[in-house]
Amino acid sequence: MDGSHANAASAPAAAGGGEGTQRTLNPYVTGNSVIAMKYKDGVIMACDTGASYGSTLRYKSVERIKAVGKHSLIGGSGEFSDFQEILRYLDELTLSDHMWDDGNSLGPKEIHAYLTRVMYNRRNKFDPLWNSLVLGGVKKGPKGDEKYLGMVNMIGTHFEENHIATGFGNHMAVPILRGEWREDLTFEEAVKLIEKCLLVLLYRDRSSINKFQIAKITTEGSTIYPPYALKTNWGFSAFENPSQGAVGTW
Amino acid sequence: MDASSLTGSSSSSDAPTSGEHRMGTTIVGVCYDGGVVLAADSRTSTGMYVANRASDKISQLTDNVYVCRSGSAADTQVISDYVRYFLHQHTIQSGQPATVKVASNLVRLLAYQNKSMLQAGMIVGGWDKYEGGQIYSVPLGGTILRQPFAIGGSGSSYLYGLMDHEWRDGMTQEEAEKFVVKVVSLAIARDGASGGVVRTVTINADGVKRSFYPGNKLPLWHEELEPQNSLLDILAAGSPDAMVQ
């Protein structure tokens with residue numbers, strides 16, 4: 001369609017005529033893990049509402065899951081300014097899709113393919129969008145309602161799976177999901193499973209905060225639930241006096 | 001590059017007085033019931049030297065939108081100059097004052113597209129007839145976030161806990177102005193890269209009000225003493241609590 005999306009430096013580069021070739025940078029304001037899985041009626045996605053600035057938990061009410069068109073949800077971790085820019089690209093994409101007025105609308109598979117191209121092409125120019133994106137959705141296909149869940153990261157690695165987690169979630173949530181995910185999870189079971197993963201990340205990921213958002217997408221459309229916090233459990237007797245038998249232990 | 005480079009003292013070479021002009025800075029923006037108050041300290045340093053002890057870090061973008069600048073003095077001046085220029089044209093073409101959202105998104109655009117070259121953390125605040133008082137944070141990298149209050153600059157490290165504890169929604173104008181002066185002066189007390197005077201800009205439906213709180217008029221905090229003209233005055237006033245062995 002147009003390559004200008006992928007070249008951020010060519011847009012009204014007022015600061016001195018487009019000589020702003022960006023190179024691989026470090027991220028500044030970063031979002032945490034995103035977890036997602038398919039369930040009986042569609043796809044469910046969750047993340048915390050925090051964005052860190054180095055080690056500071058700087059912004060605590062940030063929405064990192066957004067609806068895309070009628071059929072998809074996108075969740076983003078990594079550099080938040082790049083995620084905001086990706087949302088702008090997706091706005092342009094869905095707007096031109098709508099203006100075709102041909103009765104078709106882009107489904108999750110198409111959006112995922114588009115994002116993959118954007119991410120991979122930026123990576124090839126050593127100017128990546130520093131994100132891991134999770135794309136989930138449901139769309140009517142030849143075999144009925146088809147659920148879709150995929151991810152793409154800053155180097156262009158992309159795949160589809162029944163369950164996805166980014167960042168720390170790769171290490172902590174994916175093993176849980178691999179053991180407990182089933183094709184026919186109800187919404188309630190899926191929420192419980194996702195909350196189990198969110199809690200483990202809260203305990204073990206230094207940059208996570210106790211304020212979460214869960215979103216779901218079904219044939220009816222997308223719902224992003226309001227933020228909420230989870231109860232944590234510290235009631236292990238071994239937690240109470242760990243140094244008793246071994247002074248100086250940690 | 002990490003968050004700590006927002007502190008001004010990055011040139012630790014043999015010439016502590018050289019290097020780029022940085023605004024170590026404490027900047028704050030709060031919404032109150034009817035508008036916004038922006039506040040900042042006034043210290044600009046080059047290395048360890050205070051190049052300007054009375055700088056004005058709150059710059060006008062339009063009649064109704066101002067921006068607090070932190071980070072590189074040059075970068076933020078250039079960004080605010082460009083945005084002022086764009087907004088001037090925008091105002092002429094649209095026939096009405098620019099909205100705070102447009103102004104902050106222009107700041108974001110420059111910050112994001114030039115992210116590898118800029119060190120600028122900014123807080124945009126203003127009032128327009130559509131959404132009233134608004135504060136937008138544009139940190140390093142070019143993220144844009146609307147917030148009920150925002151803090152930035154190296155001095156802001158000392159304010160996170162304070163704001164978590166003391167921030168309330170729906171303050172009056174007077175409460176908000178007193179609050180930001182207190183908050184900036186507490187940061188000045190602990191951040192070497194912040195100091196000087198506290199400047200505030202209050203923006204609401206009636207217009208803009210600039211205020212100036214000189215260093216010697218700020219409240220005293222822990223371990224700070226009431227300033228005197230001279231020891232001689234203290235002695236003349238009668239025996240002080242002399243530390244005699």
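How many salt bridges does the structure hold over all chains? The structure holds 19 of them over all chains, a salt bridge being a side-chain nitrogen of Lys or Arg within 4 Å of a carboxyl oxygen of Asp or Glu. This is a predicted model, where local features need pLDDT of at least 70 and side-chain atom pairs count only at pLDDT 80 or more, while totals for chains, interfaces and linings use all residues; side-chain values use heavy atoms, leaving out hydrogens and water. Residues are numbered from 1 along each chain as its sequence is written, with chains lettered from A and ligands numbered from 1 in the order in which they are written.

Helices (H or I, at least four residues) and strands (E, at least two) are DSSP runs, numbered from the N terminus. Buried means under 20% relative accessible area, exposed means over 50%, and partly exposed lies in between (1.4 Å probe, protein chains only).

- Side chains of opposite charge can pair when their charged atoms come close.
- Arg64(A) and Asp48(A) meet through their side chains in a salt bridge of 2.7 Å, N to O. This pair links distant parts of the chain, 16 residues apart: Arg64(A) lies in the loop between strand 5 (56-59) and strand 6 (65-68) of chain A, and Asp48(A) in strand 3 (residues 42-48) of chain A. Both Arg64(A) and Asp48(A) are buried.
- In chain B, the side chains of Arg210(B) and Asp56(B) form a salt bridge of 3.1 Å, N to O. Here 154 residues separate the partners, with Arg210(B) in strand 13 of chain B and Asp56(B) in the loop between strand 5 (49-52) and strand 6 (58-60) of chain B. Arg210(B) is partly exposed at 40% relative accessible area, and Asp56(B) is partly exposed at 32%.
- Arg182(A), Asp184(A) and Glu189(A) are joined into one network by salt bridges that share partners.

**Strand 8 of chain A and its neighbours**

- Strand 8 (residues 131-141) of chain A is mostly covered, with eight of its eleven residues buried.
- Strand 7 (residues 72-79) of chain A runs antiparallel to strand 8 of chain A, and seven bridges join them; two strands pair if DSSP finds at least two bridges between them. Ser77(A) has Ser132(A) in strand 8 of chain A as its bridge partner.
- Strand 9 (residues 144-153) of chain A also pairs with strand 8 of chain A in the antiparallel sense, over ten bridges. Through two residues, a hairpin joins strand 8 of chain A to strand 9 of chain A.
- Which residue of strand 9 of chain A does Val138(A) stand opposite? Val138(A) stands opposite Lys147(A).
- Lys140(A) and Asp145(A) form a salt bridge, their closest N and O atoms being 3.6 Å apart. Lys140(A) is exposed at 66% relative accessibility, whereas Asp145(A) is partly exposed at 41%.

**Aromatic rings**

- Rings of Phe, Tyr and Trp (its six-membered ring) pair if their centres lie within 6.5 Å; planes under 30 degrees apart count as stacked, over 60 as edge-to-face and the rest as tilted. This rule gives nine aromatic pairs over all chains.
- Tyr203(A) and Trp234(A) are edge-to-face, because their ring centres are 5.9 Å apart and their planes are at 85°. Tyr203(A) belongs to helix 4 (residues 187-204) of chain A, and Trp234(A) to the loop between strand 13 (221-224) and helix 5 (237-240) of chain A, 31 residues apart. Tyr203(A) is partly exposed at 33%, while Trp234(A) is exposed at 58%.
- Tyr82(B) and Phe86(B) are stacked, because their ring centres are 6.1 Å apart and their planes are at 25°. They are four residues apart in helix 1 (residues 73-94) of chain B, about one helical turn.
- Ring pairs link Tyr203(A) and Trp234(A) with Phe236(A) and Phe239(A) into a cluster.

**Helix 4 of chain B**

- Helix 4 (residues 173-190) of chain B has 18 residues and reaches 27 Å from its first C-alpha to its last, close to the 26 Å expected at 1.5 Å a residue. The expected span is 1.5 Å times one less than the number of residues.
- Its buried residues include Ala176(B), Phe179(B), Val183(B) and Ile188(B).
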